[in-house]
Each structure stands twice: as C-alpha cells, then as structure tokens.
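Have the model open and follow along.

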Amino acid sequence: MTDRLAPRRTTWVWGVRVRGVGHAVAVLAGVVALTASVGADDAAGRRDSRLDAWTVGSTVRVPIEPSTGTGRVARIEAARGETESFQIAVRATGGALSHATVTTTALTDRAGHRIAAPALAREQYVRIRRHSPAWSGRPLSWTWIPDALVPFVDPVTGRTPRSNARYAAGVFGVPRGHAQPVWADVTVPRDASPGLYTGRWTARSDQGGATGEVVLRVRDVTLPVVPAAGSRFGIWQQANRVPAVEDLLLRYRVQPAPVPSTRAKGLLANGLSSVDLAFWSGADVEHCAMPGAPTADAIRAAKASYDVGVRTYDYSADEIGECPGIVTRLREWARVLHGAAVEHLVTVVPRADLMDDGTGRPVVDIWVLMPWQLRSLDPALRAQVEATGGELWSYQALVQGARTPSWQLDLPVTNYRVLGGFLNASQGVQGLLYWAVDRWQRDPWVDPTYTHTTSCCYPGDGTLVYPGHPAGVVGVVPSIRLAMVRDGMDDYDLVAQLRARGQGAPAAAVIARAASSWSSWTTDGRVLADVRRQLLDLLEATG
C-alpha cells in the first residue's frame with residue numbers, strides 16, 4: 001500500500017526499468033546517453049505523443065532514431081520444422097511512449113489449422129564504444145545497435161521474466177523520436193499443413209496503438225532435426241555449461257561444446273549430433289608447446305561415456321600452423337585418437353607434413369580454416385583431404401580484412417548468415433566453428449568490446465549471447481546475430497536436400513547470386529531471401 005501511494009516515479013529507458021536514484025546510478029553507464037530525451041518530455045509533450053509501428057524483415061537493423069515506416073504486413077515463408085523471424089518497430093512521435101507493449105495472435109489457415117503465436121523479444125540496443133578496425137572495410141557508424149533479444153516469456157520456465165529485471169521485456173518505454181523494435185520468431189511444427197496462414201500483431205501504449213497482419217506461407221518442405229552442416233560453438237564460461245544454454249544453442253541450430261556425457265542423451269531429440277571429448281592440449285598461436293597425448297584408455301573411456309550414437313571428436317589445438325616442431329606431437333595425438341575411433345579437429349591449413357599420422361591416415365580429420373585461408377588453399381591438398389574422408393570447416397575470429405565476412409557487431413549482420421549458409425554451401429565446406437558464444441571480458445550489456453592481447457577493438461567478438469540474470473531469465477539471452485547464424489544453417493540445409501535429390505547443379509546456379517566464391521558474396525538481405533525462396537521452389541518441384 002505505502003509503496004503504491006508513494007510519489008515514486010518509474011521510467012523505462014530502452015527496457016531498463018529505473019526506480020529511484022540508487023537504481024538509476026546502477027544502470028547509468030549503459031543508458032545515460034538516452035535518458036535526457038525521456039526527461040525532456042513534459043506533460044504537454046506527452047499529450048502530443050503518439051505511437052507509430054510498422055514491420056521490418058529480419059535482416060534489417062532498425063536505427064535508434066528511424067524515419068517512420070509504412071508497411072504493416074509481415075510476410076514470411078518457412079519450411080516445416082523451421083523458425084523464421086520478422087520485426088515490429090515501435091516509434092514515439094511527438095513525445096515519449098509509456099507502458100508500450102506488443103502482442104500477436106496465433107496463425108491459422110482456411111482449414112482451421114493453427115500455428116502458435118510468434119515468440120516475442122524486445123531488442124536491446126547495445127552501445128558500441130569502440131568500433132571495428134579500419135581494415136574491416138566500413139563498419140556501421142551507429143553508436144547504438146539492436147542486438148540482445150530479451151524474451152517476453154522465458155523459454156526455460158515458460159513464465160514472464162521477473163518484474164525487477166534490469167532489462168525489462170514485455171512492457172517498455174520509448175523516448176521521443178526513438179524506436180523500439182520487437183523481434184518475432186514463428187516456429188512451424190514439423191507436421192504443419194502447407195499453405196497460407198494469417199494472424200495479427202498489435203502495438204499499444206498509453207499514447208495510442210497500431211495493428212497489422214502477419215502472413216506466413218508454409219512450404220511443402222521439412223528441415224531435418226539435425227542440421228546437415230557440422231558445427232562447434234564453444235561455451236567458454238563454466239557457469240554457462242548448463243542445460244539451459246545447451247538447449248538454446250541447439251534451438252539455434254548449432255552444436256554446443258563441451259557437453260557433459262550425462263546430458264548428451266537428453267539432448268538428442270533437440271538435435272545434438274556431435275560432442276567434443278575436450279582433451280585440450282593447450283597449444284595455440286601464442287603457446288606452441290604441445291604435451292604428450294592422453295592415454296588410449298582415457299580416450300576410449302571418454303568416448304564410451306557418450307554411448308548415444310553421436311559423432312565424437314577432439315579439438316586438441318588451435319591455430320598452430322606457424323608453430324615449429326609441433327608436427328610430431330600432432331601425429332602422436334592423432335594416432336591415439338584414431339585408435340579409439342575419435343576424429344581429430346584442429347584449426348590449421350592442410351599441408352603435406354600433416355597428411356600421414358604414421359598409419360597412412362591424415363593427422364587431422366576436421367580441418368578448420370578462415371575464409372581467406374580457404375580462398376588460398378592448394379587444390380591438390382584439398383583433393384587429398386576430401387579423398388581420405390576429411391572435412392573442411394570455416395570459422396571467424398577477430399577481423400580478418402575487408403574481403404571476408406567478419407563477425408563483429410558493427411559489421412553487416414548478414415555476415416553471420418552467409419558464412420555458414422550459402423558461402424559454405426557454394427564452396428563445398430561442411431561445417432562451421434565459432435570459438436566462444438560467451439567470452440565477455442566485461443558486462444556485454446554495457447560494453448560488448450573484446451580486446452585481444454594489446455590490439456583493439458572487436459565489438460561483439462566471442463559473444464553471441466548475453467548474461468540472462470539482468471534480463472530476469474534462466475541461462476542466457478540470444479542475439480540477433482545468433483538468429484542470423486541459425487538462418488544460415490537452415491539455408492545450408494536447403495542446398496543439402498537438393499544435392500541429395502540430384503539437384504546440385506540447379507542449386508549451385510541459384511546460390512551463386514548470394515555467394516559464388518570466398519571473394520564474392522552478398523550482404524543484401526533481399527538477395528538472401530530471394531535465393532532462399534528459389535531453393536524452396538526447387539525443393540517443392542522435385543518433392
């Protein structure tokens with residue numbers, strides 16, 4: 001009673017619920033630049049304010065101070081078993097908005113078939129304090145970029161996040177002239193009937209509202225539970241090696257690593273297909289010393305603990321291509337791993353002295369290279385890798401130059417989609433690795449910069465998720481960039497299905513528009529969508 005009647009002002013600044021001086025100080029570092037516009041709105045300004053809202057495609061970033069949009073129909077298409085996304089941008093015109101929210105209805109077709117209402121998340125703007133280096137090309141000059149997807153409903157608990165969370169989701173304020181985008185995920189069941197489904201979205205606030213339509217075309221195509229492309233996305237923080245985070249990564253179509261053997265069986269239905277045995281040597285680009293291999297018994301025991309039929313490999317060393325004298329140790333590790341029927345993964349370029357572990361088998365089974373390394377790979381060595389059953393995977397870290405789809409927050413968000421999707425597919429690469437999804441060096445909600453040794457700066461590097469506690473959810477909060485990775489894995493699946501049906505040549509001709517070489521690929525989301533649509537057409541025509 002006392003709390004309700006006290007003259008205690010509550011405001012929302014980009015989803016940060018500020019109550020009183022103490023809390024305002026706590027969140028000041030991340031949102032101080034935005035609070036002035038809220039405070040400047042007096043009562044007269046609020047009387048003049050109104051809500052504008054429109055829909056935006058998933059590959060378009062909504063600027064913090066956008067022009068007013070006009071489209072209110074979200075048109076998407078998806079295969080069965082696929083999640084497709086769109087955005088609803090809410091803008092405050094004239095004055096600030098208070099108590100804004102977005103709701104959606106279930107989607108239905110004319111026969112009464114029903115698909116659950118889109119899952120909603122408020123997009124948290126993240127401040128870029130230090131932009132990517134100049135050699136990356138042209139990083140986005142924005143100071144504030146939407147990235148974290150704060151869910152309206154915690155997917156782990158199925159409940160609304162706690163009301164005192166620092167980053168609120170379902171109800172928010174919007175400063176005058178600013179936008180607040182809301183992300184919408186539509187997940188199509190695997191048994192859904194093909195056809196057109198429609199639903200509604202509504203944005204409301206104390207200052208008015210808007211509504212629009214959602215039109216979903218379900219294609220007569222089904223994605224596999226396990227993606228066709230291999231992957232390894234590292235969970236760096238020990239505290240995040242928990243079921244909630246593993247489940248989230250699998251929902252976003254990538255393989256978490258490491259995964260304890262005690263949890264592997266329970267993750268099979270969610271798409272778990274491979275595990276890293278986690279015998280790490282400690283050898284990397286800055287530490288070339290590699291100790292002797294684990295014993296054969298230790299490796300066999302670790303493999304046996306994953307008695308669930310998944311692929312087992314060991315990521316033993318990282319970027320050791322320039323390490324002198326390390327080949328002998330790599331061969332030793334390879335022989336022990338191969339003797340236990342475990343594959344060997346190393347981030348290293350294929351070369352002649354790594355093509356025999358002493359038994360006639362290559363030292364490495366999964367060769368992980370950056371795009372620029374794949375671009376210059378010796379064709380003869382590549383042919384030898386493929387002839388012996390080896391795989392080539394791609395990966396990104398830091399910024400490798402303007403002619404590679406680097407993964408940084410201020411670079412094109414479509415880079416995260418095209419690398420593991422049409423680019424890998426067009427170049428015959430079978431997998432995707434990312435070194436860490438949670439390697440934050442400071443609070444990523446406030447400063448997502450990653451500093452590598454003495455070089456700076458890499459905004460968002462090693463971070464595809466955000467700590468969940470500040471948002472009131474269990475585990476972690478995903479990002480728009482992780483959603484782009486998911487969509488790229490789905491793109492790859494469409495190409496793989498066409499190749500399995502003997503339609504590799506038509507598929508190659510289509511995807512060449514999106515990616516034709518390691519030096520030629522698009523950042524245009526419209527092109528990616530059109531290429532994807534053509535692939536779905538081909539699959540339906542050959543189904």
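**Helices side by side, and charges that pair**

H10 passes H11 in a right-handed crossing, meaning the near helix is turned clockwise from the far one by less than a right angle (left-handed if anticlockwise). Before going further: this is a predicted model, where local features need pLDDT of at least 70 and side-chain atom pairs count only at pLDDT 80 or more, while totals for chains, interfaces and linings use all residues. Residues are numbered from 1 along each chain as its sequence is written, and side-chain values use heavy atoms, leaving out hydrogens and water.

Two packed helices are described by the angle between their axes and the distance between the axes. For H10 (residues 415–426) and H11, that's about 15° and 6 Å. The two are therefore roughly parallel, the label for angles under 35 degrees. Helices here are DSSP runs of H or I with at least four residues, and strands are E runs of at least two, numbered from the N terminus. Contact (heavy atoms within 4.5 Å) involves, among others, Gly420, Gly421 and Phe422 of H10 and Met484, Gly488 and Asp491 of H11. By class, the contact has seven nonpolar, five polar and five charged residues; Asp, Glu, Lys and Arg count as charged, Ala, Val, Leu, Ile, Met, Phe, Trp, Tyr, Cys and Pro as nonpolar, and the others, Gly among them, as polar.

Now look at H11 (residues 480–500) against H13 (residues 525–542): here the angle is about 35° and the axes are 10 Å apart. H11 passes H13 in a left-handed crossing. The contact residues include Leu494 and Leu498 of H11 and Leu535 and Leu539 of H13. They divide into seven nonpolar, two polar and two charged.

On to the charges. A salt bridge is a side-chain nitrogen of Lys or Arg within 4 Å of a carboxyl oxygen of Asp or Glu, and the count comes to 31.

Asp443 and Arg166 form another salt bridge, at 3.4 Å. Both sit in loops, 277 residues apart. Asp443 is partly exposed at 29%, and Arg166 is partly exposed at 26%.

How values were computed: Axes are lines fitted to C-alpha atoms, for helices over the stretch in contact, and angles run from 0 to 180 degrees between N-to-C directions. Angles under 35 degrees count as roughly parallel, over 145 as roughly antiparallel, 65 to 115 as roughly perpendicular and the rest as oblique. Buried means under 20% relative accessible area, exposed over 50%, partly exposed in between (1.4 Å probe, protein chains only).
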